[in-house]
Amino acid sequence: MTPQPIHEDELQAWADRRLPAERQAQVESYLEQHPDTHDRLQAYQAQNRGLQSLFQPVLEEDIPEHLQELPRPAPLLRQRFLTWPWQSAAAVLLVLSGALAGWQAHTYLPSPSLAADLPRQAAIAHAVYTPEVRHPVEVGADQETHLAAWLSKRLGAPLRPPRLGAQGFELVGGRLLPGGQGPVALFMYQDGGGQRLTLYVSGEGSGSGDTSFRFSREGDVSVFYWVDGGFGYALSGTLDKASLGTIATQVYQQLEAR
């Protein structure tokens, strides 16, 4: 019997752990023969774990009292709502989800004057890549010269990773990420105990005009971030605020001195 082809939707189901049991063996056999696809799906799984870790505290938050106290719809309104077509119900859900997203953004973004996405995107990148064991970075610290030249070329400005040895952290390496309007550089550091920090560098901060040094808490990830010289910088980690702030100050001073 000719084996049934493996389709992308089945690969995605395997990554999400939703693949039917009867196809599990065939898909895993396929992945053993296609290591690149296997690595890609493992990256998806790592991203899912990172996002879950980052946003789980938000999902577990209590609903604010002012939302709990909203009046219930009148019986006639409830009856009419139940008779609406599904398209109307979907529209209502879209409005409610937008309101929830706005409430969450208000909770976590300290100032609309900065590039509002900077701390959130930096925290997501930190949560996605720091748990990785085999592929935390694209280019390792042993190729630091190549890493700096590559990321400088892609971001269009000289870019070198700060030295954090005095703070107990050594460079692991870096990688290139997609940003909202261009490439983003991510440098990763690690201390002797395995604790990791990431420095997120985006070239999308030129329009902000706000160079303030700011702090944000995104789920379990703390972020110090600032905008300077047309670039946005964000140092992320799970250290306490004071410790992370001390290291962020050193990063800022080293970048300013160049």
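**Reading the labels**

Mentor: In this predicted model, an open sheet is built from 7 strands in the order β1-β2-β3-β4-β7-β6-β5, with antiparallel pairing.

Trainee: What makes β1 and β5 stand at the edges?
Mentor: β1 (139-140) and β5 (214-218) each have a single partner strand, so one side of each is left without a neighbour in the sheet.

Trainee: How many bridges join β1 to β2?
Mentor: There are 2 bridges between β1 and β2 (residues 170-178), and two strands count as paired when at least two bridges are found between them. The two therefore qualify as a pair, and they run antiparallel. Within this pairing, G140 is opposite G173 of β2.

Trainee: Which helices lie on the sheet?
Mentor: One is α8 (residues 144-155), which lies across β1, β2, β3 (183-190), β4 (196-202) and β7 (231-237) and runs at about 25° to β2. Another is α9 (residues 241-256), which packs on the sheet and touches β4, β5, β6 (221-228) and β7. The direction of α9 makes about 25° with that of β6.

Trainee: Let's turn to V172. Why is V172 called partly exposed?
Mentor: Its relative accessible area is 21%. Buried means under 20% and exposed means over 50%, so a value in between is partly exposed. V172 therefore gets that label. The residue sits in strand β2, and its contacts, leaving out residues up to four places away in sequence, are P136, V137, V139, G140, A141, M188, Y189 and Q190. For M188, the separation from V172 is 16 residues in sequence and 5.4 Å in space, C-alpha to C-alpha.

Trainee: Where is confidence lowest, and where is it highest?
Mentor: The protein has a mean pLDDT of 78, with 70% of its residues at 70 or more. Helix α6 (residues 86-108) is lowest, with a mean of 45, while β4 is highest, at 96. Residues 80-97 have pLDDT below 50, and this stretch has 2 contacts in the model beyond near neighbours in sequence. Where pLDDT is low, the predicted coordinates should not be read in detail.

Technical notes. Residues numbered from 1 in each chain as written. Predicted model: local features only at pLDDT ≥ 70, side-chain atom pairs only at ≥ 80, totals over all residues. Heavy atoms only, no water. Helix = DSSP H or I, 4+ residues; strand = E, 2+ residues; numbered from the N terminus. Contact = heavy atoms within 4.5 Å. Axes fitted to C-alpha atoms, helices over the stretch in contact; angles between N-to-C directions. pLDDT = per-residue confidence, 0-100. Buried < 20%, exposed > 50% of the residue type's maximum accessible area, 1.4 Å probe, protein only.
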